[in-house]
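User: I am new to protein structures and would like to learn how to read one. Could you take me through some features?

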Amino acid sequence: MRLLMISDVYFPRVNGVSTSIQTVGRELVGKGHQVTLLTPSYGEAATDDPFEVIRIPSRYLPFDPEDRIMRWGLLPAHRAALRAQRFDLVHIHTPFVAHYAGLALARWLALPVVESYHTFFEQYLDKYIPLVPSAWLRYAARRFSAAQCNDVDALAVPSQVMLDVLTRYGIQTPADVVPTGIDLEQFSQGDGARFRRRWGIAPERPLLVHVGRLAFEKNCDFLLRMLVQVKAEIPDILLVIAGDGPALKRLQRLRDRLGLQQQVLFTGYLARDGSLEDCYSAGAGFVFSSQTETQGLVLLESMALGTPVVALAEMGTREVLRDGEGCLIAEPEETHFAQQCLRLLREPALRAQLSARARTYARSWSAPVLTERLLGFYARTLLEAEAAKQPAGCEQGPVAEEAPGCDAPECDALK
């Protein structure tokens, strides 16, 4: 199968979407499929991937320095090369320029188009547009998401709970639950002692870790407030937060206001060259308080390395976590979360039991297994597209060059 993917984000931009694309792309190539990814240029050296990555020149977003926006007008330069590869399907991963460019390419190449719904935007926009009432933004996000989901031939959603939300939005597009798996080989071993030496952390110091993008919707301030209660019982506790993002400065101010300067260490992003794996492995537990995840890959990465998890089971994490299977589930309330952390820190036997179960449980989320589910999703989409083919219009028949009467805006953009 020859797959054309397009995304508004990819490494070196670190987030769950980048991880998902890389993991899936590697697995697909390993199974003998061809993958090409269109994504913004970040002015960085190319990533080491076994699939083709075409970097589209991009510009900065003034309100979000981590991200770039692809220059739409430069996409047509790639038309001839893309057509020559004779792709079977277009897979869109993000809802911004990539969504509309992916639709345009699919129509121009006369291909079925699928999209992954990675981000719960209803719980996202009001964190970044503070001057607009939250109710208005949630309504706009629902309408926006429903419209985009109904643009494509099929929708891949990482969890049933997210699919239920989209169904309430009124989507009509055929949709399947297709989670992303994890690379068990990559997350098979880490050196926690090496991480402690690197960051000057005493070998015996009680340690909790958190890995993830520091975005406002991730609810990381909950972890700092919860840590005040853990500190009252274990004064030398340390929480390592590996990541970066727009909420970092706010979290640093909260750390200082709560008197946690000696209990919280921000490391920034850690490379997936062993540094990240060492961080996971250094902790007695991994803590996670996001309530907006569509899946939560970091939970599985931690468990694959044998580091037990204490987390809220909200949205997509409800389907990832099983209480006692490598994790302790906490109520969305700081005192109970702190109590679960204290159990893990104080009970070595419980910690060892959860660690062993974590490794076993993570194997059921392996990338090879879940990539087979994705391939089944692709195959069903192609069969349905073939059955529905009609010989009229640019959307299902000839390409835009051969259908000059087409007035679809996406097709116009690529002419």
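Analyst: What follows is a short tour of helices, rings, cysteines and backbone angles. Keep in mind that this is a predicted model.

User: Which residues of H14 are buried?

Analyst: Buried means under 20% relative accessible area. In H14 the buried residues are Ala 367, Leu 370, Thr 371, Leu 374, Leu 375, Phe 377, Tyr 378 and Thr 381. They cover an arc of only 155° around the axis, which means they sit on the same side of H14. On the other side, Leu 383, Glu 386 and Ala 387 are exposed.

User: What do the buried residues of H14 pack against?

Analyst: They pack against helix H1 and several strands. The strands are S1 (2-6), S6 (89-92), S7 (113-116), S8 (154-157) and S9 (175-177).

User: Can we look at one residue of H1?

Analyst: Take Gln 22, which lies in H1 (residues 16-30). Its relative accessibility is 11%, so Gln 22 counts as buried. Leaving out residues up to four places away in sequence, Gln 22 touches Tyr 10, Phe 11, Asp 49 and Phe 51.

User: And helix H7, how many residues does it have?

Analyst: H7 (residues 220-233) has 14 residues. From its first C-alpha to its last, H7 reaches 21 Å, close to the 20 Å expected at 1.5 Å a residue. Its buried residues are Cys 220, Asp 221, Phe 222, Leu 223, Leu 224, Met 226, Leu 227 and Val 230.

User: Now the rings. How do I describe an aromatic pair?

Analyst: Two values describe a pair of aromatic rings: the distance of the centres and the angle of the planes. A search of the whole structure finds ten aromatic pairs. One of them is Tyr 117 with Phe 121, an edge-to-face pair with 6.5 Å centre to centre and 85° between the planes. Tyr 117 is buried at 7% relative accessibility, and Phe 121 is buried at 7%. Another edge-to-face pair is Phe 187 with Tyr 280, at 6.2 Å centre to centre and 80° between the planes.

User: What does the pair of Phe 187 and Tyr 280 tie together?

Analyst: Phe 187 lies in the loop between S9 and helix H6 (192-199), while Tyr 280 lies in helix H9 (residues 275-282). The pair therefore ties together parts that are 93 residues apart in sequence. Phe 187 is buried, with a relative accessible area of 2%. Tyr 280 is buried too, at 0%. Ring pairs link Phe 187, Tyr 280, Phe 286 and Phe 288 into a cluster.

User: Which residue lies over the face of Trp 108?

Analyst: That is Arg 83, at 4.4 Å from the ring centre.

User: Next, cysteines. What is a disulfide, and how many does the structure hold?

Analyst: A disulfide is a covalent bond between the sulfur atoms of two cysteines. The structure holds zero disulfides. For Cys 279, the nearest cysteine sulfur is that of Cys 220, 13 Å away. Cys 279 is buried, with a relative accessible area of 0%.

User: Last, the backbone. What should I look for?

Analyst: Most residues other than glycine have a negative phi, and most peptide bonds are trans. Look for the exceptions. A cis peptide bond joins Phe 11 and Pro 12, with omega about 20°. Pro 12 is in the loop between S1 and H1.

User: Where are Asn 219 and Met 315, and what phi do they have?

Analyst: Asn 219 is in the loop between strand S10 (207-211) and H7. Its phi is positive, near 65°. Asn 219 is buried at 15% relative accessibility. Met 315 lies in the loop between strand S14 (309-312) and helix H11 (317-320). Its phi is also positive, about 50°. Met 315 is buried, with a relative accessible area of 9%.

Methods. Residues are numbered from 1 along each chain as its sequence is written. This is a predicted model: local features need pLDDT of at least 70, side-chain atom pairs count only at pLDDT 80 or more; totals for chains, interfaces and linings use all residues. Side-chain values use heavy atoms; hydrogens and water are left out. Helices (H or I, at least four residues) and strands (E, at least two) are DSSP runs, numbered from the N terminus. Buried means under 20% relative accessible area, exposed over 50%, partly exposed in between (1.4 Å probe, protein chains only). Contact means heavy atoms within 4.5 Å. The arc is that of the directions from the helix axis to the C-beta atoms. Rings of Phe, Tyr and Trp (its six-membered ring) pair if their centres lie within 6.5 Å; planes under 30 degrees apart count as stacked, over 60 as edge-to-face and the rest as tilted. A charge sits over a ring if NZ of Lys or CZ of Arg is within 6 Å of the ring centre and within 35 degrees of the ring normal. A disulfide is a pair of cysteine sulfur atoms within 2.5 Å. The expected span of a helix is 1.5 Å times one less than its number of residues.
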